[in-house]
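Here are a few exercises to work through with the sequence and the model side by side. Try each task yourself before reading its solution.

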Amino acid sequence: MRNLRVNLGANSYDIIIDRNNLSNIADFVSSRGGKIFILSDTNVAPLFANVVMQSFIDKGYECKILVLEAGEPTKSIKSIGPIYSSMLDFKLTRRDLLVTLGGGVIGDLGGFVASTYLRGIDFVQVPTSLLAQVDSSVGGKVAVDLPEGKNLVGSFYQPKMVYMDVNVLYDLPDKYFVDGMAEIIKYGCIKDKNLFKLLESIDSRESFMEKAEDIIYTCCNIKRKVVEVDERDNGERMLLNFGHTYGHALEKYYDFKGYSHGQAVAIGMVFITVISEKLKQTKAGTVQKLVKLLENFGLPIKDKINPDEVIVTIMRDKKNLGKNLNVILLKEIGKSFIYQTSAQYFLN
């Protein structure tokens, strides 16, 4: 078991990285009020909900689970009302606990619900996808999508704990495993060339799983350090958005029915780095290294869409400040920086 502490004063919490111990989750997670509301989805609940719920029941907690349809469309304003109603029917109080059991959609949605229900209740992230374990479950960004774009309504609301069992990844379909690899590659690109080199040496999902705890720990530790310096995304934390501006625009362009988040981010990382390398802002040869690694893990590197068509979506991105847009560029693998420009940059 590996443990990280995110030091944010009163909002500090632990990230626990474990193996084959989901049935004992109640040893780590507790509710002051005695009730635990579990939010999950149709992909994850059949695999893990009974194990998690039984662990809490065995410790004397009263539990209720709400299972939502899996997929990005669930992360919307329309989903929130029924969740609130279910929590109220359960008589969940501010002393009780919400547990998000799932990937990034459930974590983001459940965290937003926790931040607003009764003006804020405790919640614990139990991420079950690779992408959620290395990225979205950590840092307190919670949100829902609007028809106009992704994550446009949200808040910063830290969990009380993040508990992850690496072994749940064995049940993860290949497409979701590949999805998470994009975010791991992102961390290597922006902060850790040694992580990037390690990923270059991995030739199969099996070899990844042998090193999974260390890789997940490395990603979470990078994010922990960034969040501690910049909890509310006003500076250093923006580096975590490498590839995301164009990636989010692609997701929206296809109405979240085309590319997955990781696939879109992979395309976004290549797209922005092609431009920055052409403009000599990035070390020559960086694109080649990035493309090779992404392709090794089965991730896409480009899309046929004309960039002109996504500029409107990019301008709506929450990272757009007036006429200015902060984009994340690489100096080289392992080193990144914030560059203030405009959406026109994507037309270079």
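**Exercise 1.** Does K186 count as buried or exposed? Work out its surroundings as well.

*Solution.* Keep in mind throughout that this is a predicted model.

Step 1: K186 belongs to helix α5, which covers residues 174-191.

Step 2: Check its accessibility. The relative accessibility of K186 is 1%, and buried means under 20%, so K186 counts as buried.

Step 3: List the contacts. Setting aside residues up to four places away in sequence, K186 touches D135, L240, F242, H244 and M269.

Step 4: A polar atom of the K186 side chain lies 2.9 Å from the backbone oxygen of L240. The K186 side chain also meets that of D135 in a salt bridge, at 3.1 Å from N to O. This pair links distant parts of the chain, since D135 sits in helix α4 (residues 130-136) and K186 in helix α5, 51 residues apart. D135 has 9% relative accessibility, so D135 counts as buried too.

**Exercise 2.** How many salt bridges does a search of the whole structure find? Follow some of them along the chain.

*Solution.* Side chains of opposite charge can pair when their charged atoms come close.

Step 1: Take the total. The whole structure holds 20 salt bridges.

Step 2: Follow E213 and R19. Their side chains meet in a salt bridge of 2.8 Å, N to O. R19 is partly exposed, at 24% relative accessibility.

Step 3: Follow K59 and D27. Here the side chains meet at 3.0 Å, N to O. K59 lies in the loop between α1 (45-58) and β4 (62-68), and D27 in the loop between β2 and β3, so parts 32 residues apart in sequence are tied together. With a relative accessible area of 49%, D27 is partly exposed.

**Exercise 3.** Which residues of the largest nonpolar core touch the most other members?

*Solution.* In soluble globular proteins, nonpolar side chains tend to be buried together.

Step 1: Find the core. It has 74 residues, of which I15, L130, I185, L199 and F208 touch the most other members. Helix α5 gives the most to this core, with nine residues.

Step 2: Look for a separate core. Apart from the largest one lies another core of 24 residues, including I25, V52, C63 and M161.

Step 3: Inspect I15. Leaving aside neighbours within four places in sequence, I15 is in contact with R2, N3, L4, V6, V138, V162, M164 and C220.

**Exercise 4.** Which element gives the most to the lining of the second largest cavity? Then turn to the second largest pocket.

*Solution.* 

Step 1: Read the lining. Among the lining residues are F242 and H244, both of which also touch K186.

Step 2: Assign elements. α9 (244-253), α10 (261-278) and β11 (324-332) give two or more residues each, and α9 gives the most, with three.

Step 3: Of its 13 lining residues, P73, S76, D145, L146 and P147 are the closest to its centre. α2 (77-89) and β7 (141-146) each supply at least two residues of that lining.

Terms used:
Residues numbered from 1 in each chain as written. Predicted model: local features only at pLDDT ≥ 70, side-chain atom pairs only at ≥ 80, totals over all residues. Heavy atoms only, no water. Helix = DSSP H or I, 4+ residues; strand = E, 2+ residues; numbered from the N terminus. Buried < 20%, exposed > 50% of the residue type's maximum accessible area, 1.4 Å probe, protein only. Polar contact = N/O pair within 3.5 Å; in protein donor to acceptor, adjacent residues only side chain to side chain. Contact = heavy atoms within 4.5 Å. Core = buried A, V, L, I, M, F, W, Y, C linked by side-chain atoms within 4.5 Å. Salt bridge = Lys/Arg side-chain N within 4 Å of Asp/Glu carboxyl O. 1 Å grid on protein atoms, 1.4 Å probe; cavity = no way out; pocket = protein on both sides within 12 Å on 5 of 7 lines; lining within 4 Å.
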